[in-house]
Amino acid sequence: MSNLFDQSLKVANCGLDSFASNLHEAGGDVNSLSWQPPAYGDVQAGLELASLINHPLVEQANQRAFAQYLDAQPVLVDVTTAVESIPAMAERKLILHAGPPIAWENMCGPVKGAIVGAIFLEGWATSQEQAERLILDGTVALAPCHHYQAVGPMAGIISPSMPVFVVENRPTGRRAYTNMNEGLGKVLRFGANSPEVIERLRWMGEELAPALSAALHMFGEVELKPLIAQALHMGDEVHNRNAAATGLLVKRLIPAMLGSGLPLDEVRRAIAFILGNDHFFLNLSMAASKVMMDAAANVPFSSMVTVMARNGVEFGVRLSGTGNQWFTARANPVEGLFFPGYGVDDAAADLGDSAITETAGLGGFAMASSPAIVKFVGGTPTDAIAHSLRMRSITLGGNGAFTLPAMNFAPTAAGIDARKVVDQNILPVINTGIAHKQAGVGQIGAGITTAPMPCFIEAIRALAAQVREHTGAAS
Amino acid sequence: MRPVNTPWKGSEMSSCFKIFKNLYRDSVSLMQVSARISKLPGVAQASVAMGTEANRAQLRDAGLGDAAGAGPNDLIVAVAGDEDACELALSTAADLLSSVEEADSAACNAKAAVVSLQAMLEAEPATNLALISVPGDYAAAEAEKAIRLGMNVMLFSDNVSLQQEKAVKTLARERRLMVMGPDCGTAIVNGMPLGFANVVRRGAIGLVAASGTGLQEVTCRIDQLGAGVSQALGTGGHDLHEEIGGISMLHGLDALIEDAQTRVIVLVSKPPAQAVAEKILARARAAGKPVVVNFLGAEPALIERWGVHVASTLADAAERAVALLKDVPPAINDDAREVAAREALVERRSQLAPRRRYIRGVFAGGTFCYESQLICQRQGIVAFSNTPIKGNHPLDNVWQSTAHTLVDMGDDAFTRGRPHPMIDPTLRNERIVAELRDPETAVVLFDLVLGYGAALEPAAELTTLIGDASRTGNDLPLLIAHVCGTDADPQNRNHQIHALREAGVLVANCNAQAAYWAAYVANLQKAE
């Protein structure tokens, strides 16, 4: 029997404010919700969500998934070519792209341009038409990076000959792969595929990758978690700002590179290339995040989000409990600032696997660390803190490895709980660059966006069905 | 190669730029300033950049002039557009670049609004009851969450399907939690008023009621009789349907049986489904404490055989409960109450024109309308109603009375899109005035419901309207009312009764008495 009569009544008022004021006037203990219809007013989804609230199966699964995420130790262990690390690439002509699966016809300009560029790079075709034919007749297969433990920023293109960083989760040995950042301007990840772009990519494979590989072998493996933690204390949120992290990485690698015995010219070019690109670390930040999120993946019944990724048309989400299933929706617009001469009409839809950083509690979730970033939406450092604070309400906990000085060194909010997103209509915040919708123009701005609600609603429905099926309860 | 958004009509526009020597701003700040001045009316294009060779080339390409003389450490503001607009843009940019942004620490300390029950529980872990009054479509989901989070629930919301009600209540039963509602308007838990509740003394009588105003009437009457209430639990109007099976009433009954503070129990409902009634009465028989039952209109013998105390009216339930508590026989019965007022009624009735033959009941409380119909029927009066009891007739047009008519102004037909008459009595008062003006009305019978959530001065407007009516007509019907409330209510029952009496209203002690009086008058008119 409920022992409510022996307790002091403490009321949560959900609805009419006057009931709370009456109760308050009568000396009662009452707190009011700022209630709004969950799931953006989708009644059926709201009911399915309700069935998952505080559900023991989900709670236990989340605890496990979150602990595995916290325990992950991403370490940069190697530099290889993509085909060496991703065996499927040896079996057939395969090119990986960012975001959830998408057919060639539906892809946005920058992704198409980048895929064609990768085909040029591989020497499978020499003209746009030839390249397209290879794709349309199935000779060249396209697949999401996430299907092969890989991540890539913007178009996120990885083809067999490209060099990749190999990041390993120390406790489990599971690996993730990412391509190398080409810098700004005309680059493949924004869809450029002109000869200079291909030339740069070739150089990265022939000179940069061997230099990095040699440096790694001299220096030893690079633990990425402490490096990211340090960068967060230096003004990075390691998504849209990687200036500090790039510096920290280079600091570790330069002596090793110099001692590698490689020709000094080559070493100088490699170092200059990295130093010329404040975003060089972004890809490593993403691979580290991928390793951490993979550690949390595939725990049945868990509502923890393990992937957020965009392909330039759709935004895709995966939950730990629903494994490899994608939940997709049209990407939300980016609220941001544009480089001179560009505007919102020039922008491609939100693009890239880089939202894996937010999934791991970095990027927009760690915005309090990076006041420079919040200016992209005309905000103040206070707004940055507000973003980080708000993310606490949709996450499973804090990651003590990543602390935010501006918030009194509070742990960053991490482990997005899809239930909390849908219940409160609070969307994960994502810091992002803005690509031009035409292939090859490049980055035209940067800003803040959010993950679209329908992804989370669909994910919750799938999870509710899974729980229902398991418990044998009628819907 | 580099697209320009704005159609460029260089010849009609001017362009100008300004160089700020040795002024460094990071690129984001520059883009911000650029965005701000681009939006100024008359500005076609604007660019704010450091004076690197590449940036200067870009400005030239864009037709924004050649900022010769600017070096990499200098900041360039370049605009194109109307001449005046350009000047304004340059000065605005200068202001923006020199302004120091004020730090605002408020947001750091601001507590985020709590939007979900789960977040509330995290913020206030001792929360043990959710009072839910969200729109009906969403109510079941919120109730389910509350239960899964370990909270008891009072569900004020209506329009929750029976299937959802059953699911929510079944879940709560598994977790030994209480669900009051859906459509539960009032409760008193641990002395605290929930929803529309009256301020009643705490005491030893515990109630479970499927009727909101029924619960209010019994608790107020208990208070008026000098006793008090331990707990007053609502179940919502559908709980005793066959489909729900009285889960909430059984739970409430069990809770009161276990509760050491409760010495007498009162159950109030419209007649439950047979199987449900039997389950409840069987439990009541085994309560180990006296249980008073008022299943409005049910055959007394069918209830009495379960060894419980049968009350004929809501007020009677209060009187029996208080008597049981004090271990004395119930003081007054219903007939005695009627006789006590007979003289005054006969005197007032004698002034009524013979054509005034009908009772017009205008109620804010649904149960008061129901009970009044029962009592009138027992006195041989068949009436029309928007919520007719068995044997009475439905109104063709709920807005138009005919013969004897008793309307529940709190019913959906009157409350769709407007507040309940307890909160806003305007519509109800209009109906009372209409009945007053009807030459066939013998008695206008009504209720005033007080308590938290109810209108603060319910008698004030009404007595003004009655005053207006009596000034315009010399031949008026009788006004009979009862006030459901206590002197401790925000409205003060005594104060309201006094105001009504001043306006010539005959005020009965309880709803049942008011109905008896009305029926008595109507039967005298009929006999004439």
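**Close-up 1. N190(B), a buried residue with positive phi.** N190(B) counts as buried at 11% relative accessibility, where buried means under 20% relative accessible area, exposed means over 50%, and partly exposed is in between (1.4 Å probe, protein chains only). Its phi is positive, about 50°, although N190(B) is not a glycine. You'll find N190(B) in the loop between strand 7 and strand 8 (192–195) of chain B; strands here are DSSP runs of E with at least two residues, helices are DSSP runs of H or I with at least four residues, and both are numbered from the N terminus. A word on what you're looking at: this is a predicted model, in which local features need pLDDT of at least 70 and side-chain atom pairs count only at pLDDT 80 or more, while totals for chains, interfaces and linings use all residues. Residues are numbered from 1 along each chain as its sequence is written, chains are lettered from A and ligands numbered from 1 in the order in which they are written, and side-chain values use heavy atoms, with hydrogens and water left out.

**Close-up 2. The loop between strand 6 and strand 7 of chain B, with P182(B) and D183(B).** P182(B) sits in this loop, between strand 6 (179–180) and strand 7 (186–189). The peptide bond leading from G181(B) to P182(B) is cis, with omega near 5°. D183(B) is in the loop between strand 6 and strand 7 as well, and its phi is near 65°, a positive value in a residue other than glycine. D183(B) counts as partly exposed, at 40% relative accessibility.

Close-up 3. A salt bridge is a side-chain nitrogen of Lys or Arg within 4 Å of a carboxyl oxygen of Asp or Glu. In one of them, the side chains of R221(B) and E319(B) meet at 3.1 Å, N to O. R221(B) belongs to helix 8 (residues 212–224) and E319(B) to helix 12 (residues 314–326) of chain B, so the pair ties together parts that are 98 residues apart in sequence. Both R221(B) and E319(B) are buried. A second salt bridge joins the side chains of D316(B) and R320(B) at 2.9 Å, N to O. Both D316(B) and R320(B) lie in helix 12, four residues apart, about one turn of the helix. An α-helix has 3.6 residues a turn, so residues three or four places apart point the same way. D316(B) is buried, with a relative accessible area of 3%, whereas R320(B) counts as partly exposed at 29%.

Close-up 4. Over all chains, the structure holds 34 salt bridges. Here the side chains of R310(A) and D350(A) meet at 2.8 Å, N to O.

**Close-up 5. A salt-bridge network in chain A.** Four residues take part: D42(A), E48(A), R461(A) and R468(A) are linked in a network of salt bridges.

**Close-up 6. Helix 9 of chain A, largely enclosed.** Seven of the nine residues of helix 9 (residues 224–232) are buried, so the helix is largely enclosed by the rest of the structure. The buried residues are L224(A), K225(A), L227(A), I228(A), A229(A), A231(A) and L232(A).

**Close-up 7. A negative surface patch on chain B.** D82(B), E83(B), D84(B) and E87(B) form the patch. Patches are made of residues with over 30% relative accessible area and no salt bridge, with like charges joined within 9 Å and nonpolar side chains (Val, Leu, Ile, Met, Phe, Trp, Tyr) within 5 Å. Lys and Arg count as positive and Asp and Glu as negative, leaving out His and the chain ends. E87(B) lies in helix 3 (residues 83–98) of chain B and is exposed, with a relative accessible area of 56%.

**Close-up 8. V168(B) in helix 7 of chain B.** V168(B) has its place in helix 7 (residues 162–174) and counts as buried at 7% relative accessibility.

Methods. Accessible areas come from the Shrake-Rupley method with a 1.4 Å probe; for residues, only the protein chains shown count as cover. The place of a charge is taken as NZ of Lys, CZ of Arg, CG of Asp or CD of Glu.
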